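Below is a short briefing on one protein model, arranged by topic. Please keep the sequence and the 3D view open while reading.

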Amino acid sequence: MLELSHVFCQYAGREVLRDVTLSFTPGQVLGLVGPNGSGKSTLLKTALGIQPKSGGTITLDGVPLERLRPKEIARQVSYLPQFRSVPDITAWRLVLHGRFPHLGYPRRYRQADYDAVSRALEAAGALPLADRFLGTLSGGQRQKVYLAMALAQESGTVLMDEPTTYLDIAHQFQVTDLARQLAEQGKAVVLVLHDLPLAFRTADQVAVLREGELAALGQPEELYDSPVIPKTFGVTLHRLETASGWQYFCEPG
C-alpha cells in the first residue's frame with residue numbers, strides 16, 4: 001500500500017503541499033478533487049518520487065520510497081500523467097512501454113508481455129487503434145492509448161491524473177467503470193478529477209485538496225452533508241436517488 005504521512009512539498013520556492021497524510025487503499029477508488037492549483041497533480045508526483053518531498057514520509061508496502069529504485073516503484077504503481085508527449089510510434093508500441101518495469105536484462109519481450117498489451121488495449125477500448133500512429137489519433141483516442149499503457153504495467157496501485165480529459169461523456173463513464181473494476185480486482189485506484197459529480201458517483205472515498213492541504217477525506221455520503229464542498233468550490237452539490245444509485249449534480253452558490 002502506498003502511504004503518505006505528514007508530507008510537505010515545495011516547488012519553485014513555494015510550498016504546494018502542506019502536512020498531507022493519505023493512504024491509497026487496495027480495493028478502493030479514491031477520488032482526488034480540488035480547485036485549480038490546489039496541489040492534486042503535485043501530490044501524485046510526490047507520492048511517486050517524481051517531485052521531491054520537503055518533509056514527511058512516503059512508504060510503499062512499508063518501505064520508504066527513497067530506498068526503492070524507480071523500476072521497483074513502477075512494478076507496483078502505474079501512473080497516467082496529465083500531460084504527455086506524442087512520440088512517432090504506434091499505439092501498440094507505446095502500450096508495450098508499460099511492460100518495461102517487468103523486463104530483465106537484456107530487454108526481451110515475452111509472450112506474457114504481448115498478452116498483457118492486448119488485455120490493456122481491450123480494457124481501455126483502444127484495441128482497434130493498435131496499429132495507428134499516435135500523431136494520427138484524436139485527443140480522446142490518445143487518452144485511451146495512454147490509459148492502456150498504464151494498465152499494461154499490471155501494478156497493484158493505479159494513479160490517474162485527469163483520465164477523462166478529451167473524452168466524451170460515454171467514454172468518461174467507461175473510464176470510471178474501469179476504475180471500479182480495477183478496485184474490485186483488489187487494486188488501489190486514485191482518480192484526479194475536476195468533475196465533482198463524476199468523482200462522487202465513482203469513488204469509495206473522496207479527498208478534497210485546498211491550497212495544498214487536505215481539507216476533507218470521507219465517503220461521498222459524508223462529504224455531501226459537509227460544508228467543505230461549497231466552501232472549497234463555491235458550488236452547491238445536490239443528488240438524486242436512481243436505480244443505479246445516487247447521481248450528483250452541481251449548481252452555483
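The largest cavity is lined by Ala123, Ala124, Gln143, Lys144, Leu147, Pro163, Leu167, His171, Gln174, Val175 and Leu178. On a 1 Å grid over the protein atoms alone, a cavity is a set of points where a 1.4 Å probe fits but cannot get out, and lining residues have an atom within 4 Å of a point. The model is predicted: local features need pLDDT of at least 70, side-chain atom pairs count only at pLDDT 80 or more, and totals for chains, interfaces and linings use all residues. Residues are numbered from 1 along each chain as its sequence is written, and side-chain values use heavy atoms, with hydrogens and water left out.

**Cavity**

- The structure has one cavity of 30 Å³ or more.
- The space in the largest cavity is about 70 Å³, where a volume is the space filled by probe spheres set on grid points joined across faces, edges and corners.
- Helix 5 (139–152) and helix 6 each contribute at least two lining residues to the largest cavity; helices are DSSP runs of H or I with at least four residues, strands are runs of E with at least two, and both are numbered from the N terminus.
- Helix 6 gives the most to this lining, with four residues.
- Gln143, one of the lining residues, is found in helix 5.
- Gln143 counts as buried at 2% relative accessibility; buried means under 20% relative accessible area, exposed over 50%, and partly exposed in between, with a 1.4 Å probe and protein chains only.
- Not counting residues up to four places away in sequence, Gln143 touches Arg84, Glu162, Pro163, Thr164, Thr165, Tyr166 and Leu167, with contact meaning heavy atoms within 4.5 Å.

**Pocket**

- The largest pocket holds about 250 Å³ of space; a pocket is an open set of grid points with protein on both sides within 12 Å along at least five of seven lines.
- Its lining consists of Leu48, Gly49, Ile50, Leu68, Arg69, Pro70, Ile73, Ala74, Val77, Tyr79 and Gln153.
- Helix 2 (70–76) and strand 6 are the elements that give two or more residues to the lining of the largest pocket.
- Helix 2 gives the most to that lining, with three residues.

**Sheet and packed helices**

- Six strands form an open sheet in the order 6-7-8-3-9-10, with mixed pairing; two strands pair if DSSP finds at least two bridges between them.
- Strand 6 (77–80) and strand 10 stand at the edges with a single partner strand each, so one side of each has no neighbour in the sheet.
- From one strand to the next, the twist averages 15°; axes are lines fitted to C-alpha atoms, for helices over the stretch in contact, and angles run from 0 to 180 degrees between N-to-C directions.
- Strand 3 (residues 29–33) pairs with strand 9 (residues 205–210) in the parallel sense over four bridges, and Gly31 has Val206 as its bridge partner in strand 9.
- Helix 1 (residues 40–48) lies across strand 3, strand 6, strand 7 (157–161), strand 8 (188–192) and strand 9, at about 150° to strand 7.
- Seven of the nine residues of helix 1 are buried, so this helix is largely enclosed by the rest of the structure.
- The buried residues of helix 1 are Lys40, Ser41, Leu43, Leu44, Thr46, Ala47 and Leu48.
- After helix 1 comes Gly49, with a positive phi near 85°.
- Helix 6 lies across strand 3, strand 7 and strand 8, and runs at about 155° to strand 8.

**Salt bridges**

- There are eight salt bridges in the structure, each a side-chain nitrogen of Lys or Arg within 4 Å of a carboxyl oxygen of Asp or Glu.
- Glu213 and Arg18 form a salt bridge through their side chains (3.3 Å, N to O).
- Glu213 lies in strand 10 (residues 213–218) and Arg18 in strand 2 (residues 14–24), so this pair ties together parts that are 195 residues apart in sequence.
- Glu213 is partly exposed at a relative accessible area of 40%, and Arg18 is partly exposed at 23%.
- Arg69 and Glu72 form another salt bridge (3.7 Å, N to O), and Glu72 is partly exposed at 24% relative accessibility.
- Asp177 and Arg201 also meet in a salt bridge (3.9 Å, N to O).
- Asp177 lies in helix 6 (residues 169–184) and Arg201 in helix 7 (residues 196–202), so the pair links parts that are 24 residues apart in sequence.
- Asp177 is partly exposed at 35% relative accessible area, and Arg201 is partly exposed at 31%.
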